[in-house]
Amino acid sequence: MATDSWALAVDEQEAAVKSMSSLQIKEEKVKADTNGVIKTSTSSEKTEEEEKEDRAAQSLLNKLIRSNLVDNTNQVEVLQRDPNSPLYSVKSFEELRLKPQLLQGVYAMGFNRPSKIQENALPMMLAEPPQNLIAQSQSGTGKTAAFVLAMLSRVEPADRYPQCLCLSPTYELALQTGKVIEQMGKFHPDLKLAYAVRGNKLDRGQKVSEQIVIGTPGTVLDWCSKLKFIDPKKIKVFVLDEADVMIATQGHQDQSIRIQRMLPRNCQMLLFSATFEDSVWKFAQKVVPDPNIIKLKREEETLDTIKQYYVLCNNREEKFQALCNLYGAITIAQAMIFCHTRKTASWLAAELSKEGHQVALLSGEMMVEQRAAVIERFREGKEKVLVTTNVCARGIDVEQVSVVINFDLPVDKDGNPDNETYLHRIGRTGRFGKRGLAVNMVDSKHSMNILNRIQEHFNKKIERLDTDDLDEIEKIAN
Ligand SMILES: Nc1ncnc2c1ncn2[C@@H]1O[C@H](COP(=O)(O)OP(=O)(O)OP(=O)(O)O)[C@@H](O)[C@H]1O
């Protein structure tokens, strides 16, 4: 997303600066590459590969912290390949006539009924003869569960060779999908899963006997062509997951297309993506012939249920004092505080801790798993304040947050107001009919100008708040 690039850029600049606060962990990023191989890279240069890893990391983070379906009340848009065939949608899993072990697996996962996208996607994916599908909906709406169900219902456990092939952009994402396959398929004891990822070696001449193979494009391509561990002609279902993350790397796109070309004509092709830019769409059309198309629009975020204020300050110390005054005057169950830079976030977290607050800090140099653990603790209420930069907080839904503080206003890399990020940051407070509170810290003429432009953009008044006036602060909480 373009709006995050400034934050990424800031993170990079900061990583290059030697004199960091005590909370800084390290100068170099240590990352696992697409196949889980650890490498180090100085963060001043950003390669296309890293760009892709950011998206992949975000996607992984979302999966790790997700506890249930993302609510969406929008209508699903369906474009059928054959507009004359009836459009089926199901309201229960029973209607799908799944194998009993599979239905058992679905219920064991705690699914009571199909999600919005599953209502339409599942009957299409399970239809005879098999149909191809391109589906787009935001992360968390049930796409993975849907295609796993499709693979499991088509696979023949008695046949000891790969029949379903699923491509994931990274090793870590492949593992996450693998877990869902294992959970949902746990009542099929004969069903086995293989990971085609770098580092997983077979002997020359050996054949994969597992019925489902999940892997990254490069290794899958090798296994299908050069090494011949898999006979692609026997694949019945081909899934391309996270297509938007996948195509961020040129190599993956070509490899996926080459794999697709080896598959039989009647192989069912399924492609999933959280977003649908032009590039994803072009790729999707190349790898999925004659597709049905399903799209579910994102739920709109709104500022309607949020009270917005701004506080005038001269510097960061005054902003910190204003924050303390807020805490002193009203009860804040849980708050998220956004800073522009990692350095400010670290400083603020340390200052708040000194004041006795239980603070969680999400920082750019943390590994995805560490970030997930921090968010999890915050969700459980172990910490009451989460301090973060934008780049770390993309896509995080923490429903119970009642107050959002923009310690720094969101700007893009040219210094212009970043309205989309503003909406996304504070839109989270007013979810599900709850009323939220957003406080913006303004510390210069420039940031006042940004605030005014944000106000104009949304055509919603942002009121001034005097944080030295306790009575006034108390009023905003009512
Ligand atoms: N029908 C359902 N009922 C209840 N929970 C469901 C259902 N389908 C999926 N879930 C759960 O909702 C969460 C999101 O589902 P899933 O991972 O399939 O979404 P997704 O769209 O693939 O998102 P992502 O691409 O980020 O993984 C998971 O925790 C999953 O177990």
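The model is predicted, so to speak of local features requires pLDDT of at least 70 and side-chain atom pairs count only at pLDDT 80 or more, while totals for chains, interfaces and linings use all residues. A nitrogen atom of the ligand lies 2.8 Å from a backbone N or O atom of arginine 113. The side chain of glutamine 118 places an N or O atom 2.9 Å from a ligand nitrogen atom, and a polar side-chain atom of threonine 144 is 2.5 Å from a ligand oxygen atom. On its own the ligand has 610 Å² of accessible area, of which the protein covers 85%; such areas come from the Shrake-Rupley method with a 1.4 Å probe.

Helices (H or I, at least four residues) and strands (E, at least two) are DSSP runs, numbered from the N terminus. An open sheet of mixed pairing is formed by 8 strands in the order β3-β10-β4-β9-β8-β5-β7-β6, where two strands pair if DSSP finds at least two bridges between them. Its edge strands, each pairing on one side only, are β3 (76-79) and β6 (193-196). On average, neighbouring strands are turned by 15° against each other, direction ignored. Within the sheet, β4 (residues 132-136) pairs with β10 (residues 291-296) in the parallel sense over 5 bridges; glutamine 136 has lysine 295 in β10 as its bridge partner.

Helix α5 (residues 143-154) packs on this sheet, touching β4, β5 (164-167), β7 (212-215), β8 (237-240) and β9 (268-273). Contact here means heavy atoms within 4.5 Å. The direction of α5 makes about 165° with that of β9; axes are lines fitted to C-alpha atoms, for helices over the stretch in contact, and angles run from 0 to 180 degrees between N-to-C directions. Helix α6 (residues 171-184) also packs on the sheet, touching β5, β6 and β7, and its direction makes about 175° with that of β6.

Glutamate 128 and proline 129 are joined by a cis peptide bond with omega of about -10°, and proline 129 is found in the loop between α4 (116-126) and β4. Glutamate 242, a residue other than glycine, has a positive phi near 55° and is found in the loop between β8 and α8 (243-246).

At the level of the whole protein, there are domain 1 (54-300) and domain 2 (306-477), with bounds from an automatic or database domain assignment. Their centres, taken over C-alpha atoms, are separated by 38 Å.

Technical notes:
Residues are numbered from 1 along each chain as its sequence is written. Side-chain values use heavy atoms; hydrogens and water are left out. A polar contact is a pair of N or O atoms within 3.5 Å; within protein, one must be able to donate a hydrogen and the other to accept it, and residues adjacent in sequence count only if both atoms are side-chain atoms.
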